[in-house]
Amino acid sequence: MVNGAVSGGVRILLRAEGACALAAAVLAYAHFDHGWGMFALFFLTPDLSFLGYLAGPETGAVSYNFAHSFVGALTTLAAGALLSLPVLVTAGLIWVAHIGFDRALGYGLKYSDGFAFTHLGRIGRARTGG
């Protein structure tokens, strides 16, 4: 571990889990036939959490992590399934897909040190040093 980030095989496994979450959410979304226009329209919605960084790195990390944690996404999905509310099922599946996509690409949950510091390692120029 370097600065709280995973490395090696564990990092690869966590990224593979993200890819699996993305695939499962997309397959489930296709099964429910909610329309791909809706999926495309809302797929990047969790990235609005970047706006939290306007208030500083600590607020930005909290905002980003709230929108990019499976806790909210899976709670929304489960509530939709249990309450028979298709809008929550749709939102939950799109949200899970987004998180899975980000994790598969190596974008992890953020530390308050700055946007580039994630649980999956440093990202961007900070990662390569250039």
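Here are a few exercises, with worked solutions, on a predicted model.

**Exercise 1: a pair of helices**

Work out how helix 1 and helix 5 run relative to each other, and which residues bring them together.

*Solution.* Two packed helices are described by the angle between their axes and the distance between the axes.

- Step 1: Find the two helices. Helix 1 covers residues 8-32, and helix 5 covers residues 86-105.
- Step 2: Get the geometry. The axes sit 7 Å apart, and the packing angle is about 150°.
- Step 3: Anything over 145 degrees counts as roughly antiparallel, so that's the label for helix 1 and helix 5.
- Step 4: Check the handedness. Helix 1 and helix 5 make a left-handed crossing.
- Step 5: Look at who touches whom. On the helix 1 side you'll find, among others, R15, G18, L22, Y29 and F32. Their partners in helix 5 include V89, T90, L93, F101 and R103.
- Step 6: Sort the contact of helix 1 with helix 5 by class. There are 16 nonpolar residues, three polar ones and two charged ones.

**Exercise 2: a histidine in a loop**

Find H68 and decide: is H68 buried or exposed? Then list what H68 touches.

*Solution.* 

- Step 1: Go to the loop between helix 3 (57-67) and helix 4 (70-82); H68 is there.
- Step 2: Read off the accessibility. H68 has a relative accessible area of 2%. Buried means under 20%, so H68 is buried.
- Step 3: Look for a polar partner. The side chain of H68 makes a polar contact of 3.1 Å with the side chain of D47.
- Step 4: Collect the contacts, skipping neighbours within four places in sequence. That leaves P46, D47, S49, H98, I99, D102, R103 and L109.

**Exercise 3: a valine in helix 4**

Is V71 buried or exposed, and how many residues along the chain separate V71 from V96?

*Solution.* 

- Step 1: V71 belongs to helix 4.
- Step 2: V71 has a relative accessible area of 61%, so V71 is exposed.
- Step 3: V71 and V96 are 25 residues apart along the chain, with 9.7 Å between their C-alpha atoms.

Notes: Residues numbered from 1 in each chain as written. Predicted model: local features only at pLDDT ≥ 70, side-chain atom pairs only at ≥ 80, totals over all residues. Heavy atoms only, no water. Axes fitted to C-alpha atoms, helices over the stretch in contact; angles between N-to-C directions. Helix = DSSP H or I, 4+ residues; strand = E, 2+ residues; numbered from the N terminus. Parallel < 35°, antiparallel > 145°, perpendicular 65-115°, else oblique. Left-handed = near helix turned anticlockwise from the far one by under 90°. Contact = heavy atoms within 4.5 Å. Nonpolar A, V, L, I, M, F, W, Y, C, P; charged D, E, K, R; others polar. Buried < 20%, exposed > 50% of the residue type's maximum accessible area, 1.4 Å probe, protein only. Polar contact = N/O pair within 3.5 Å; in protein donor to acceptor, adjacent residues only side chain to side chain.
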